[in-house]
Amino acid sequence: MPRVLGGLFNPLSLYYCHDRDGLLRAVIHEVHNTFGQHHCYVLPVAAEEADGAVTQACDKAFYVSPFISMDQHYRFRLTLPGERFSFAMQLHTTDKPFFFAAMHGRREPLSDASLARMLLRQPALGWQVLGAIHWQALRLWLKGAPRHPRPSAARPKISAEGRRAS
């Protein structure tokens, strides 16, 4: 996300890693939490599906929320950026899905006019995202959702032991 009116919070950035022949080999999922920390999951790409989507999976290695324990497993499904883009994430406990998030978008030309339209539509985008995350956290806290402490040991900022989703 771009910095807008001084505000910036990017929960997720995706980096597509291609080899010299243009074949997609890995996707880096850079995750930020609201505590000012970040982590990169470097996940290999085994193959693209018939519709051009990529499916990946890995164990959770980064503390994002006090309401989500560390013993979770991610499953991702994403498309390569084109005229349209989609990304879906499922977080699983050992026995069932726990959390789902998705985003979809379409390509727009980068011009002064398109930037002005986006600024008028969402004038405080970074602040809105951060505010929405804290609002949901407050709602969970008020409902008495169980909380999980942040791990005390320093963890690496990169995980590269991803595996193909099953």
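In what order do the 4 strands of the open sheet sit, and is their pairing parallel or antiparallel? The order is E4-E5-E6-E7, and the pairing is antiparallel. Before the close-ups, a word on the model: it is predicted, with local features needing pLDDT of at least 70, side-chain atom pairs counting only at pLDDT 80 or more, and totals for chains, interfaces and linings using all residues. Residues are numbered from 1 along each chain as its sequence is written, and side-chain values use heavy atoms, with hydrogens and water left out.

View 1. Two strands pair if DSSP finds at least two bridges between them. Strand E4 (53–59) and E7 each have a single partner strand, so one side of each has no neighbour in the sheet. On average, neighbouring strands are turned by 10° against each other, direction ignored (axes are lines fitted to C-alpha atoms, for helices over the stretch in contact, and angles run from 0 to 180 degrees between N-to-C directions).

**View 2. Zooming in on E6 and E7.** These two strands run antiparallel and are joined by 9 bridges. To find your way, look for Phe85, whose bridge partner in E7 is Gly105.

**View 3. Glu83 reaches Arg107.** Their side chains meet in a salt bridge at 3.8 Å, N to O; the term covers a side-chain nitrogen of Lys or Arg within 4 Å of a carboxyl oxygen of Asp or Glu. The pair links distant parts of the chain, 24 residues apart: Glu83 is in the loop between strand E5 (73–79) and strand E6 (84–92), while Arg107 is in the loop between strand E7 (97–106) and helix H1 (112–121). Glu83 is exposed at 59% relative accessibility, and Arg107 is partly exposed at 48% (buried is under 20% relative accessible area, exposed over 50%, partly exposed in between, with a 1.4 Å probe and protein chains only).

View 4. Salt bridges link Arg106, Glu108 and Arg117 in a network. Between Arg106 and Glu108, the closest N and O atoms are 3.6 Å apart. Arg106 is exposed, at 52%, whereas Glu108 is partly exposed, at 25%.

**View 5. Arg25 meets Asp19.** This salt bridge spans 2.9 Å, N to O. Arg25 is partly exposed at 46%, and Asp19 is partly exposed too, at 25%. The count of salt bridges comes to 4.
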